[in-house]
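Please prepare a briefing on the fold, cores and charged pairs of the structure shown below.

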Amino acid sequence: MNLERAQEDEITQIDTEGHTGANVGVMRANTSGSGVFDNAQEKLRQSEERFHALVKATAQIAWTTAANGLVEEDVPFWRSYTGQSEAEIKGWGWLDAIHPDDREYTASIWSDAVATRNLYETEYRLRRCDGVYHSFLVRGVPVSNEDGSIREWIGFCTDITEIKRVEEERAQLLAREQAAHAEAEAVTKRLQALQDITDTALAHLTLDNLLHEMLFRVREIMEVDNSAILLITEDGQYLTIHAALGPEEEVAPGVRVPLGHGFAGRIAARREPLIVDDPSRADIITPLLREKLRSLLGVPLLVDDRVIGVIHVGTLSPRQFTGEDVHLLQRAADRIALAVDHARLYEAEQRARTDALARAKQLEATFEAIVDGVIVYDSEGRIQQMNSTAREILAINSQPDYTRHLLDDRISLLRERLFPFEVLDEHGMPLPEEQWPVFRILKGEMLKGTDAVDIRSRVLSGREIQLSITGSPVFGKNGDIVGAVTIMRDVTERRQLERRTHEALKALLAMAEALVLVPDNAAEVQTQSLLAQKKTVVESTVARRLAELTRDVLNCQRVGITTIESETTILRAVAIVGLSPEQEVQWWAEQQQQESRLSDSRNPELISRLRANEVLQLDMTQPPYNDQPNAYGLQTLLIAPMCVGDQLVGMLSLDHGGIKHEYTQEEMALAGAVAKLAGFVIERERLLREREEARANEIALRESNRRMDEFLGIACHELKTPLAAIKGNVQLAGRRLQRLAGDQKTQSDQLLPDLLENANRQTDRLDRLVTDLLDVSRIQVGKLEMRSEACDLATIVQETVQEQRMINPRRSILLEGPIEEPVPIRADADRIGQVISNYLSNALKYSSGEKAVTVSLAREGPVARVSVRDDGPGLPPAERERIWERFHRARGVEVQTGSGVGLGLGLYISKTIIAWHGGHVGVESTPGHGATFWFTLPLAQQQPGS
């Protein structure tokens, strides 16, 4: 069935939605007749024509099927569009023109509609006759019989390709619009986040808070798991983490990245972003980044092309960071860098402001704490500021509005209130107004050091004071004077004390000069006077004069001086002033009756304090002194030590009688100075007397020594003549005895040769002693004869050693050194041999006969050294210097071989001989391990070619 044939009984109207409407009309042949039927047929034809025209006009494909849904009749519009034949569309053949992807779905929808007798509606792509598929909207409705059964299906296929295209374009536009909107929202969100970062920078001006808040914003907009900001250290060598969010927070305090190394270090060094897709394989210093993070992105923090740090972000899962991510993070970094720089400037400004406030407070506190008065003036002399000391000195509280007046008005106020008001100099002379310190300073003069000005004047309270004023003008930027600062010190009491002290010291010095200095022409008279007087009388006279002066200077009533003997610590009173004549007689009697020692004191603590040069103030009305006898009514006793160096030589005591007096520090210091001077004067008198006594003894000793030397010289000369005769007779007797021994007829006593040999040795020893005495006598008078000539020290040593070997054949004398080589010197060969002989004689005498004595000769640079070593008892340290003295013999060192006869002159003579030749002598010894005596002589200068 198709739409080209209408039903016999009715025409069904189908609306644009595909629903079956009311019958258009039903024409039946009843009583109307054939005319009416013809008229109805004509209307039906016209209606069908209009319907066909409508279908063509709407460019739709109309179709009909049987009630079972199969196409059984021709559908011209379908065939015309698809190009299928009538046979090809029958049944389900029409499905072949539908796109293969849409066939199954279309068949399913059509089958369901036929089965359920519901509206059929779907979309599919239909192939046009040229093979191009177009999209169609298909609708079909069932047409029912009167009994309700389905008679047929009628439908339309509407080409919606253009509509679909428009809709797709509209959908694409909508999608693009939505994407653009989403992107715009994302951009807006990111811009807002960036704006938030800027707002954060403005809201949090402290660096630590700022960085943490910024990281929070960055982590939000970048959608990352980890973020950190590293800033370059002050030395520009490292990056350190200042803020971190995420896993890196755990290690942030310990991270220190060198520039140029690691992830952040390379970013800072290269000044460009860096993406790391696999941190586990990258050069990253922090292990945590390598182990936990799977991707990293970092950018530099730049301010005016200056790198201040790095910001980097990372994720716990792999992520491919894009250029947009880099761009976004760099924009955030730029804002963060500016914010950081701003925060640093702000913090620096805050620190500077805080420091400035602290310094201002400190200066204010210092200004107020200065013990001197400080006043700040403007250029016209107005008082801008003054500290509490200045207000106190000038008594400002008595005139509170004083500081508000101009300089001239303040002067007028003082003259009116303190008439007559004047300013005096340090000598008490009126000072012209233009010479007042404040006027001089405001004119550009600087007063400091020795230029300080002392003035005397009255202050607002009327009190007269003396001020020491210094100050300086204050200069502006252009060098003009904009103000002044003056510093005043109240020196009233100090100057009074200085004057009093000066007068006292002047008097003390005058007295000391009178005591110490003696005219040259009276020196001999004084010496004789000192020797003639008794020691106690001299000390008492000097001490009394000192006591009188001390009483006058300190304005006290009584002064006593006691000396202390250094060896016995006996206390000896030498002066007392201030007592009545009767009391003084009684006092001296008491001193003579009792003898006390410093070591017997019942208060050793006080003695220790006196030895430490401490002046003591004792309240005699308080324990433990109130229980002691107080016949003279002492209230307060001042005791000052008289020390010379570290030795306590006496004590100076003073009091104010029955008046209780509290001594000031100045009075105690002055008393200590007087006591020290008194100690010096008394000690000087004692030393002067001892010196004169020693000088007299020395003169007597020198005279005795001169006479002794003269006697020794005469005695030696007188002894030489009989010694020569005795020695000649002994030698002559020896030769005669030898001749008699050769004569067999003559019998002689067998002991005579030994006796003669012994007499000869004793004569030689006596001759040697006399020779030593004669040499010493010549040395004392400067007549010891020596001649200097070229000689060989090695030869002298050999000959002397050989001589001693002959004299002591039983002793072993060893010789060491370059004996075969000449050792040239300029010397008196006999005298040098005498020195070696003295050394050897002592070594042989003080060592065991079984022990060898060693003589050594050596060159030591420009000198030759000769030493004699023995294995005797050695010398104690105290004897090593004294053995070179005249007539000295070492104590405790016993002779072990030969005779002990000796005068202690050999080493003295040896030292004198060596010294005359420009050499030195010495001894090296350890007790129990022998001794080595040595001397050195300068070598003679070798002539070229010699």
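How many disulfides does the count come to by the rule that a disulfide is a pair of cysteine sulfur atoms within 2.5 Å? The count comes to zero disulfides. This is a predicted model, in which local features need pLDDT of at least 70 and side-chain atom pairs count only at pLDDT 80 or more, whereas totals for chains, interfaces and linings use all residues. Residues are numbered from 1 along each chain as its sequence is written, and side-chain values use heavy atoms, with hydrogens and water left out.

**Overall make-up**
- The protein has 23 helices and 31 strands, taken as DSSP runs numbered from the N terminus (helices H or I, at least four residues; strands E, at least two).
- Of its 946 residues, 39% are buried (under 20% relative accessible area; exposed is over 50% and partly exposed in between, with a 1.4 Å probe and protein chains only).
- C556 is buried at 8% relative accessible area, whereas C129 is exposed at 55%.

**Helix α11**
- In helix α11 (residues 407-417), the buried residues are L407, R410, I411, L413 and L414; they lie on the same side of α11, because they cover an arc of only 160 degrees around the axis (taken from the directions from the helix axis to the C-beta atoms).
- Among the elements that cover these buried residues are β13 (373-378), β14 (383-386) and α12 (437-442).

**Nonpolar cores**
- The largest nonpolar core has 42 residues, a core being a set of buried Ala, Val, Leu, Ile, Met, Phe, Trp, Tyr and Cys residues joined through side-chain atoms within 4.5 Å.
- Elements giving two or more residues to this core include α20 (793-807), α21 (829-845) and β31 (931-938), and α21 supplies the largest share, seven residues.
- F933 is one of the residues with the most contacts inside this core; leaving aside neighbours within four places in sequence, its contacts (heavy atoms within 4.5 Å) include Y839, V868, W884 and L907.
- Apart from this core lies another, of 33 residues, among them L394, I396, F439 and I441.

**Salt bridges**
- The structure holds 34 salt bridges, each a side-chain nitrogen of Lys or Arg within 4 Å of a carboxyl oxygen of Asp or Glu.
- R544 pairs with E584, with the closest N and O atoms 3.1 Å apart, and this bridge links helix α15 (residues 535-554) to helix α16 (residues 581-593) across 40 residues.
- Within that pair, R544 is partly exposed at 31%, while E584 is buried at 18%.

Note on methods:
Disulfide = S-S within 2.5 Å.
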